Amino acid sequence: MTRALAEAAADASLCPKCRLAESRTQVVFGVGDPDADLLFIGEAPGFHEDKQGEPFVGAAGQLLTRMLGDIGLRREDVYIANILKCRPPGNRDPLPDEIEACTPWLIEQLSIIQPKVVTTLGNFATKFVLNTTQGITRLRGQTFPWHGRTVIPTFHPAAILHGGGERSTQGQLLRKDFALIQRTLQELRSPPPPQAQLPANDGEEQLELF
């Protein structure tokens with residue numbers, strides 16, 4: 001039996017597993033509905049997130065909230081997390097040993113929440129989750145099967161703000177990706193058509209990682 005999300009967050013708040021424990025203001029575990037069908041994964045907390053203890057609270061977070069509103073969702077309806085739970089100094093890229101130390105927390109979040117759709121925000125999260133070297137521009141706008149879930153990569157909201165805003169070409173593509181998220185959720189929530197009963201499977205079931 002998995003532990004409650006609140007218990008996992010309490011444990012993570014005291015995590016000493018990497019150097020970021022020495023420089024953080026607080027651990028930014030995640031926020032949202034513990035039973036969410038949709039989970040977002042970003043890269044790492046920034047300055048404002050480190051101060052407030054919640055992911056995506058700055059301008060990028062406001063854009064994310066607006067995009068959710070466009071598809072009929074609120075922040076409270078989804079779950080938002082990052083690969084790293086502590087802010088790297090100066091918002092530098094996460095280091096491999098920091099990712100390794102933090103990955104179990106993300107796996108536990110996925111195990112508890114059991115989302116149907118995982119949306120990766122930006123290059124870093126997308127490459128990490130899909131274990132690929134391809135960039136977000138090539139991967140966005142598509143769906144990928146992942147441990148019984150559907151991954152939909154899209155741009156990081158901060159990249160949209162730095163690259164011309166919501167009316168830019170990337171901003172319009174972000175809106176299309178959120179429409180894809182909406183359609184995918186609707187399809188996954190629809191009951192499957194009735195099927196003829198299949199014979200019992202004598203083989204071993206596939207191990208669920210998350």
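Which side chain meets Arg-66 in a salt bridge? In this predicted model, the partner is Glu-166, with N and O 2.6 Å apart. The two residues come from distant parts of the chain, 100 residues apart. Arg-66 sits in helix α4. Glu-166 belongs to the loop between α8 (157-162) and α9. Arg-66 has a relative accessible area of 36%, so Arg-66 is partly exposed. Glu-166 also counts as partly exposed, because its relative accessibility is 25%.

Side chains of opposite charge can pair when their charged atoms come close. The structure holds 10 salt bridges. One of them joins Arg-189 to Asp-37, and the closest N and O atoms are 2.9 Å apart. Arg-189 lies in helix α9 (residues 169-189), whereas Asp-37 lies in the loop between β1 (31-32) and β2, so this bridge ties together parts that are 152 residues apart in sequence. Arg-189 is partly exposed, because its relative accessibility is 46%.

Another salt bridge pairs the side chains of Arg-75 and Glu-54, at 3.1 Å from N to O. Here, too, the pair links distant parts of the chain, 21 residues apart. Arg-75 is found in the loop between α4 (59-70) and β3, and Glu-54 in the loop between α3 and α4. Is Arg-75 buried or exposed? Arg-75 counts as buried, because its relative accessibility is 16% and the cut-off for buried is under 20%. Glu-54 reaches 28%, so Glu-54 counts as partly exposed. Elsewhere, salt bridges link Arg-19, Arg-92, Asp-97 and Glu-98 in a network.

Asp-50 presents a contrasting case. This residue lies in helix α3 (residues 47-52). Asp-50 is buried yet has no salt bridge. The nearest side chain of opposite charge is that of Lys-51, 4.6 Å away. A salt bridge requires a nitrogen within 4 Å of a carboxyl oxygen. Which residues does Asp-50 touch, not counting those up to four places away in sequence? They are Arg-24, Thr-25, Gln-26, Val-28, Pro-45 and Arg-87.

The nonpolar residues come next. The largest nonpolar core contains 32 residues. Within this core, Phe-29, Leu-39, Ile-41, Tyr-79, Val-118 and Val-151 touch the most other members. Two or more residues come from each of α1 (5-12), β2 (38-42), β3 (79-82), α5 (96-113), α6 (122-130) and β5 (144-146). Helix α5 gives the most to this core, with 8 residues. A second, separate core has 22 residues, including Ile-71, Leu-121, Phe-155 and Leu-174.

Neighbours within four places in sequence are left aside. Tyr-79 is then in contact with Leu-5, Phe-29, Gly-30, Val-31, Gly-32, Asp-33, Ala-36, Leu-38, Leu-39, Phe-40, Gln-109 and Ile-113.

How do the helices α1 and α5 lie against each other? Their axes come within 10 Å and cross at roughly 170°. Angles over 145 degrees count as roughly antiparallel, so α1 is roughly antiparallel to α5. On the α1 side, the meeting residues are Leu-5, Ala-8, Asp-11 and Ala-12. On the α5 side, they are Trp-105, Glu-108, Gln-109, Ile-112 and Ile-113. Among these residues, Leu-5, Gln-109 and Ile-113 are also in contact with Tyr-79.

Note on methods:
Residues numbered from 1 in each chain as written. Predicted model: local features only at pLDDT ≥ 70, side-chain atom pairs only at ≥ 80, totals over all residues. Heavy atoms only, no water. Core = buried A, V, L, I, M, F, W, Y, C linked by side-chain atoms within 4.5 Å. Buried < 20%, exposed > 50% of the residue type's maximum accessible area, 1.4 Å probe, protein only. Helix = DSSP H or I, 4+ residues; strand = E, 2+ residues; numbered from the N terminus. Contact = heavy atoms within 4.5 Å. Lys, Arg positive; Asp, Glu negative; His and termini not counted. Axes fitted to C-alpha atoms, helices over the stretch in contact; angles between N-to-C directions. Parallel < 35°, antiparallel > 145°, perpendicular 65-115°, else oblique.
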